[in-house]
Amino acid sequence: MGSPNYTFQGWLGKGPDSVEGKMVWEQYEPKTWSESDVDIKITHCGICGSDIHTLRSGWGPTLYPCCVGHEIVGHAVRVGKDVKKDIKVGDRVGIGAQNSSCLRPDCEECAAGMENHCRRMVGTYNGKYPDGSKSYGGYADYARAPSHFVFKIPDAIPSAEAAPMLCGGITVYSPLKKNGCGPGKKVGIVGIGGLGHFGLLFAKALGADKVVAISRTSAKKEDAKKMGADDFIATDEDKKWAKTHARSLDLIVSTVSSPKMPLMDYLSLLRTNGQFIQVGAPEDPIPAFSAFALIGKGVKIGGSMIGAPHEIDEMLQLAAEKGVKPWIQERPLKDANQAVVDMDAGKARYRICLVNEAHAKL
Ligand SMILES: NC(=O)c1ccc[n+]([C@@H]2O[C@H](COP(=O)([O-])OP(=O)(O)OC[C@H]3O[C@@H](n4cnc5c(N)ncnc54)[C@H](OP(=O)(O)O)[C@@H]3O)[C@@H](O)[C@H]2O)c1
Ligand SMILES: [Zn+2]
Ligand SMILES: [Zn+2]
């Protein structure tokens with residue numbers, strides 16, 4: 001196949017103020033094509049909290065110009081001749097937050113199916129491939145990715161719902177699954193935003209006995225109950241919550257994006273041998289805590305990053321089988337700047353999904 005008849009254009013952040021609604025629509029040079037790659041004509045892209053951190057250089061200097069967006073769904077328009085996965089031109093496919101890893105047999109992580117922890121992992125945006133080319137995300141017309149990180153979307157899941165699963169969904173599904181969420185377990189989800197609402201939905205889908213939403217205020221209480229939460233804690237409103245709910249949960253997944261979190265109180269909610277898994281990625285260090293918060297009940301604190309490709313396929317199957325329905329607000333791609341400002345202001349209910357009006361109906 002010769003060169004494609006399309007160019008790569010998208011919303012580019014040029015500096016930290018791009019998060020204030022100052023991304024500009026421009027053309028850019030994608031990853032150098034390889035015959036194991038797939039090009040996707042983008043129809044949908046979710047807005048993740050990580051897009052906000054990256055646009056404002058919150059985690060360190062961003063490689064501007066940067067096109068964010070790593071919850072991408074569209075149609076395959078070019079499939080390299082060395083692609084081994086069953087992906088054909090026209091198939092509905094997606095990309096999550098990871099675009100590449102080394103996949104070498106001697107890589108401990110890749111060989112064990114933990115590509116998301118490969119030391120040579122390349123993010124879907126703001127990353128650099130071994131050949132020096134940059135990765136660009138999904139607030140755009142087209143995306144290019146190595147086929148190992150391209151996923152077929154099950155027919156049962158509409159594109160606007162599948163897109164946010166590819167980062168927001170997998171980031172909570174993976175630690176829930178890995179840490180035993182299921183029948184017999186009581187699970188708490190802290191922070192009811194994009195990730196957190198997926199946390200409630202997937203904890204239910206995995207069959208947890210009890211799912212508790214832990215939020216700052218009661219504003220999201222009714223929504224959380226509709227998502228399947230059996231109980232709701234409003235930490236800024238209920239002065240006694242840490243005592244009332246002490247020793248009630250086996251597993252907590254925290255999606256909080258700010259370092260301002262009552263960590264010691266969250267830990268008090270755990271039962272003996274309970275686990276607290278942080279997936280939210282605040283820009284500043286999280287609070288200190290007393291060793292006794294761990295020692296007394298044999299509690300473990302851990303973290304988790306997105307999920308491996310095999311887990312993404314597994315999550316999509318579960319979502320299709322159980323009819324997991326994320327709460328999505330569709331917005332036209334042309335309004336990406338305003339959508340980013342709204343996301344940063346905490347207005348998403350619960351995931352904004354940009355719809356590329358040139359490639360899909362709104
Ligand atoms: N580990 C990973 O691989 C991974 C992958 C994707 C995203 N992330 C990170 O996960 C975090 C959440 O992402 P998201 O897309 O779910 O974001 P989001 O929709 O903005 O949700 C974040 C939630 O954190 C809670 N929160 C607590 N204190 C806050 C504060 N001071 N300001 C704003 N929110 C506060 C809020 O829940 P309440 O209103 O209920 O209190 C809010 O809804 C981000 O840091 C993101 O970068 C990590
Ligand atoms: Zn993300
Ligand atoms: Zn590797």
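How do the residues of the shell around ligand 1 divide into nonpolar, polar and charged? Keep that in mind while you set up the view.

This is a predicted model, in which local features need pLDDT of at least 70, side-chain atom pairs count only at pLDDT 80 or more, and totals for chains, interfaces and linings use all residues. Residues are numbered from 1 along each chain as its sequence is written, while chains are lettered from A and ligands numbered from 1 in the order in which they are written.

**The whole protein.** Show the cartoon: the secondary structure comes to ten helices and 17 strands. Helices (H or I, at least four residues) and strands (E, at least two) are DSSP runs, numbered from the N terminus.

**The domains.** Colour domain 1 (9-152 + 327-355) and domain 2 (168-303); the bounds come from an automatic or database domain assignment. Their centres, taken over C-alpha atoms, are 28 Å apart.

**The ligand.** Select ligand 1 and the 29 residues around it, where Gly49, Gly191, Gly193, Ser215 and Ser258 come nearest. A residue is near if its C-beta atom, placed from the backbone, lies within 6 Å. Next select helix 1 (49-55), helix 3 (159-178) and helix 4 (194-205), which each give two or more residues to this shell. Domain 1 and domain 2 each supply at least three of the shell residues.

Now the opening question: the shell has ten nonpolar, 16 polar and three charged residues. Ala, Val, Leu, Ile, Met, Phe, Trp, Tyr, Cys and Pro count as nonpolar, Asp, Glu, Lys and Arg as charged, and the others, Gly among them, as polar.
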